[in-house]
Amino acid sequence: MKSVRTLLASLALTAAAAPPAAAETVIVTADRMVDVLAGKVVEHPAVTIVDGRITGIADARTIKFGGDIKHIDLGGKTILPGLIDMHVHLTSLAEIGGYRGLQYTDSFWSAVGVANAKKTLDAGFTSVRNVGAADFQDVGLREAIDGGWAIGPRITTAGLAIGATGGHCDDNSLPPSLDRKSPGVVNSPDEARAKVRWLHKYGAQVIKICATGGVFSLGDSVGGQQLSLEEMKAIADEAHMLHIKVAAHAHGDEGIRAAILAGIDTIEHCSLASDETLKLAAQKRTWFDMDIYNDDYILATGTANGTEQESLDKEKIIGLKQRQTFQRAVKAGVRMIFGTDAGVYPHGDNGRQFAKMVEWGMTPLGAIRAATSDAAEALGQTGDVGAIAVGRYGDIVAVDGDPLADVRLLEKVSAVIKGGVRVK
């Protein structure tokens with residue numbers, strides 16, 4: 001019997017002798033292209049994609065098609081880079097809130113994540129950052145999509161979120177006799193460092209922390225700080241040593257400020273930030289990720305989906321203030337990225353936030369950049385996503401009309417291409 005070493009050597013020789021697979025070439029043409037890096041519209045673009053990545057951009061009127069080239073003709077449409085949502089929860093459902101979630105078995109949430117991923121991709125979001133999921137469900141979903149077993153966007157995964165005992169990232173819905181502590185709970189800087197290492201070990205590509213209370217956690221103050229500056233700094237230092245970034249859920253001003261001083265990369269929600277804190281964020285070049293659309297859905301739905309009245313009351317306090325803070329943050333020069341908190345409202349409606357961002361102070365181009373080039377920078381993925389540019393993935397969406405004149409066109413994209421493959 002041949003040894004394992006002999007068998008492996010034989011397989012290696014066979015693989016080396018096999019001819020390389022032919023590279024697939026796709027050319028995407030359209031009437032117009034939004035160049036988010038240059039801030040302009042390009043007429044008659046022809047985007048060449050080879051094996052999933054963009055290799056050239058030319059004038060479609062000079063291109064001759066034929067041979068083995070696959071042509072995706074989006075005539076009459078405007079193309080943009082695939083969109084990026086920096087704050088989603090793919091394994092959550094807005095339609096099931098509060099204690100109703102306890103009626104479903106644990107694996108139910110992984111199953112709905114597959115459907116939500118497809119809805120999100122069809123909506124034009126070819127990349128997302130999933131900032132919190134139970135049982136590493138988002139890691140499994142990413143592995144399934146990357147392996148071709150499921151259809152969805154490129155996912156940057158956080159796994160479980162890190163928080164304090166009794167805080168927004170703990171489980172406060174049960175009595176002491178049924179006490180269930182979240183696996184993400186920490187109570188000291190040393191525990192926080194260890195938790196970052198554990199999360200990274202099992203597939204976290206970004207670390208999510210809960211710096212303050214939240215709307216949908218029970219029994220806490222929505223703005224109250226829950227992790228100390230020392231704990232946040234320990235998390236940021238450990239994550240950065242591992243070359244991964246950190247996102248901090250933070251509504252209250254004290255928690256936002258502490259997260260900025262700790263070196264956290266992106267602050268989520270940011271509802272009650274003071275002018276002084278906005279100035280600090282601008283100076284430190286910290287990204288703000290503000291979900292200013294979902295207030296409409298939460299207040300319109302009320303408790304019909306099972307949301308607790310306590311959470312609804314918090315949202316009534318926080319929603320308008322968050323939008324006003326967004327407006328002040330834009331004026332203060334804070335760097336903004338696009339994040340919706342999908343899962344708090346139905347997946348697939350992510351594009352509805354663009355109009356809210358413009359209504360509350362951003363230009364259409366600024367809002368689009370927040371979901372493309374700026375989001376890619378905040379992710380640390382400018383070589384891969386965020387622009388239609390040579391070297392990046394062939395992730396493209398198309399709309400009918402000019403999104404720089406009417407950003408609401410992004411609420412319903414007409415075509416989606418991921419890695420050179422048309423998926424819608």
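## A buried pair: R129 and D289

R129 and D289 are both buried, where buried means under 20% relative accessible area, exposed over 50% and partly exposed in between (1.4 Å probe, protein chains only). R129 forms a salt bridge with D289, and the closest N and O atoms are 3.3 Å apart. R129 belongs to strand 7 (residues 125-130) and D289 to strand 12 (residues 287-289), so the pair ties together parts that are 160 residues apart in sequence. Strands (E, at least two residues) and helices (H or I, at least four) are DSSP runs, numbered from the N terminus.

## Basis of the values

This is a predicted model, in which local features need pLDDT of at least 70 and side-chain atom pairs count only at pLDDT 80 or more, while totals for chains, interfaces and linings use all residues. Residues are numbered from 1 along each chain as its sequence is written, and side-chain values use heavy atoms, with hydrogens and water left out.

## Other salt bridges

A salt bridge is a side-chain nitrogen of Lys or Arg within 4 Å of a carboxyl oxygen of Asp or Glu. By this rule the count comes to 22 salt bridges. Side chains of opposite charge can pair when their charged atoms come close.

One of these bridges joins K118 and D122, with the closest N and O atoms 2.7 Å apart. Both residues lie in helix 2 (residues 107-122), four residues apart, about one turn of the helix. K118 is partly exposed, at 29% relative accessibility. Another bridge pairs E411 with R408, the closest N and O atoms being 3.3 Å apart. E411 is partly exposed too, with a relative accessible area of 27%. Salt bridges that share partners link D296, R323, K356 and E359 in one network.

G394 sits in the loop between helix 12 (373-379) and strand 14 (396-399). Its relative accessibility is 0%, so G394 counts as buried.

Leaving aside residues up to four places away in sequence, G394 touches I49, G52, R53, I54, I417, K418, G419 and G420; contact means heavy atoms within 4.5 Å. G394 and G419 are 25 residues apart in sequence, and their C-alpha atoms are 4.4 Å apart in space.

## Annotated domain

An unreviewed UniProt entry places the feature "domain: Amidohydrolase-related" at residues 78-422. UniProt positions are given in the numbering used here, feature names are shortened, and annotations may be inferred rather than shown by experiment. Over residues 78-422 the chain is 36% helix and 15% strand, and the end C-alpha atoms are 15 Å apart.
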